[in-house]
Amino acid sequence: MLLPSPWTPRLARIEASAAERLARALADDIVEGRLAGGDRLPAHRDLADRLQIGLGSVTRAYALLERRGLTRSVRGRGTFVASQQAQAGEDIDLSSNAPPAAISARVLARTLTGIARSIDTDHFNFYAPPQGHLEHRRVLARWLQTLGLNVEPDHMVLTSSARQALSLAFDLVCRPRGRLLTERITYPGAIALARRKGCALQGLAIDAQGLLPQALADALEGIPAAEGKVVYLTPTLHNPTTATMGAERRQAIVDICRSAGAWIIEDGVYAACLPDHASLAHLATLAPEITLHVNGLSKSLGPGLQVGMLVLPASLGGAAVELVQEMSMAPSALSCAVIDEWLSHGVVASLQADLRHEAQRRCRLAASHLASHLSGSGLVLHPEAYNAWLPMEREAAGRLVSAAAALGLKLTDPGSLMVDPQEQASGLRICLGAPRFDALDGALAQLARLLTAVP
C-alpha cells in the first residue's frame with residue numbers, strides 16, 4: 001500500500017496557467033522546507049479532482065518540477081520530493097551578490113547526457129582562437145539575442161568570466177593613468193580592477209535611475225581630449241543600488257558620450273534578471289560604435305557557469321584580438337556546450353523564470369523582516385535584484401558590518417563600493433541570493449534586530 005502524501009493541495013496566487021500555479025505552489029513548499037526529501041506527492045488524478053483542474057495540468061506541473069530537479073518519479077510508485085543537500089558552514093554570507101541556486105543535480109545530469117551525444121571533440125583537442133571558437137560565439141550571440149542585443153559573432157570576444165571581459169574592456173580603451181568616469185557608488189570588482197590598472201577613477205552623482213546626465217556632461221567637458229574619455233556604468237539593476245535607467249535616461253547618456261567623443265563600457269550582467277529586459281534598449285544597441293558591452297552567465301544562470309562576453313565596436317576588433325593573442329581568455333568548452341544544450345531545449349528560459357521567482361520571494365522576505373524596522377530609512381528593494389540597498393553614512397555602515405560579523409553574518413565592506421574613499425555618503429549592501437532560504441530567513445531576523453540596536 002502506498003503512503004499518503006503529506007501535502008495539502010493548493011494553487012499559487014499568480015496570474016498563470018493551472019499547471020504553472022500548481023508547480024509554483026509545490027516548488028515554494030519544497031524550497032521552504034514544508035515538504036522534505038522523500039515525501040510523496042499526490043497521485044495525478046486525485047490531485048486534479050481535488051483542485052478541480054485538468055489531469056494534463058497536473059502532468060505538466062510535475063514535469064516542470066522534475067525538470068528543475070525538485071522531484072523524481074519512480075515507475076509504479078509515484079512522484080517524490082528530491083533530497084536537498086544542506087549548505088555547509090556556520091557563517092551566513094550576505095556579501096556575495098550571487099543568484100539563488102537553481103541548477104539541480106538532476107538537471108545537470110540530464111544536460112551532460114545530452115551533451116555527450118553531440119559535443120565536438122575538436123574543442124577539447126585543440127586550442128581555441130583568441131576570440132573563442134566561432135561555434136561558441138554563435139551560441140552566445142543567440143543567448144544575447146534573447147536579451148534584446150543583436151550581435152555579430154565576429155564582434156565578440158569570449159572570456160572565462162564577465163570580470164575578465166571587463167578587464168579586457170579597460171585594457172582596450174583606458175589609457176595609462178587616464179581618467180575613468182563611473183557612478184560614485186558602484187560594483188566593487190570594477191573599482192578594484194580600475195585601481196589595479198592605474199586608472200584615475202572619478203565618481204559621479206546618481207539618483208534613483210542611476211548616473212545623472214548633467215553630472216556626466218560636466219565631467220566629460222573637463223577632460224582634455226588627449227587624456228581619453230571613458231565611462232563605465234551599469235544601466236540595468238545597478239550593483240549595489242539596484243537602479244535601472246529608463247529609456248529617456250539611456251538615450252541622454254548615449255547622446256552626451258557621442259558628442260564628447262567618449263567610450264562607454266556597459267556592464268550588462270544583470271540585464272537578464274528583468275522579465276521585460278527586451279523593452280529597454282542596451283546602450284550597445286543605441287550606440288554600437290562607441291559602446292563595449294560586458295556580459296556573462298554567472299549572474300543570469302548560475303555562478304558555476306564561468307563564461308564571459310565582450311561585445312565590441314567594429315573599430316576595436318583587431319586591437320582586441322591582438323591583446324588576447326598571447327594569453328587566451330576563452331571559456332571552458334564544456335560550459336559553452338551546456339548553454340548550447342539549454343538554449344536548444346528551453347532550459348535557459350525555465351531557469352531564468354525560476355531565478356526571477358526566487359529573487360521575488362527573497363525580496364518579500366527581506367521586506368517582511370526589514371521594512372518595519374527601517375521605515376523612512378530609504379531601504380531599496382527591487383523584486384528582481386539579488387540584493388537590498390540601505391543608504392547610510394560610511395562610518396555607521398562600517399559599525400554594522402563589524403557587529404554583524406560577530407553574529408556570523410558576513411556583509412560587504414562599504415568602502416569597497418565607493419569610488420572616493422573620503423566620501424561619507426555610503427550604504428549597506430545586503431545580498432539575498434547566496435544563502436539557502438531558511439538560513440536567509442534567520443539571518444534577516446538577526447540583522448533586523450541589529451539594525452534596531454545599533455545607532
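Author: We will look at a strand and its partners, then at a pair of helices. This is a predicted model, where local features need pLDDT of at least 70, side-chain atom pairs count only at pLDDT 80 or more, and totals for chains, interfaces and linings use all residues. Residues are numbered from 1 along each chain as its sequence is written, and side-chain values use heavy atoms, with hydrogens and water left out.

Reader: Is strand β10 mostly covered or open, and how many of its residues are buried?

Author: Helices (H or I, at least four residues) and strands (E, at least two) are DSSP runs, numbered from the N terminus. Buried means under 20% relative accessible area, using a 1.4 Å probe and protein chains only. In β10 (residues 263–267), four of the five residues are buried, so the strand is mostly covered.

Reader: Which strands pair with β10?

Author: Two strands pair if DSSP finds at least two bridges between them. Strand β9 (residues 230–233) runs parallel to β10 and is joined to it by four bridges, with V231 opposite I264. Strand β11 (residues 291–296) also pairs with β10 in the parallel sense, over four bridges, and there E266 faces H293.

Reader: How do I describe two packed helices?

Author: By the angle between their axes and the distance between the axes. Axes are lines fitted to C-alpha atoms, for helices over the stretch in contact, and angles run from 0 to 180 degrees between N-to-C directions. Here α7 (residues 162–173) and α12 (residues 317–324) pack at about 115°, with axes 10 Å apart.

Reader: Which residues meet there?

Author: With contact meaning heavy atoms within 4.5 Å, L168, D171 and L172 of α7 meet A319, A320, L323 and V324 of α12.

Definitions and conventions: Buried means under 20% relative accessible area, exposed over 50%, partly exposed in between (1.4 Å probe, protein chains only).
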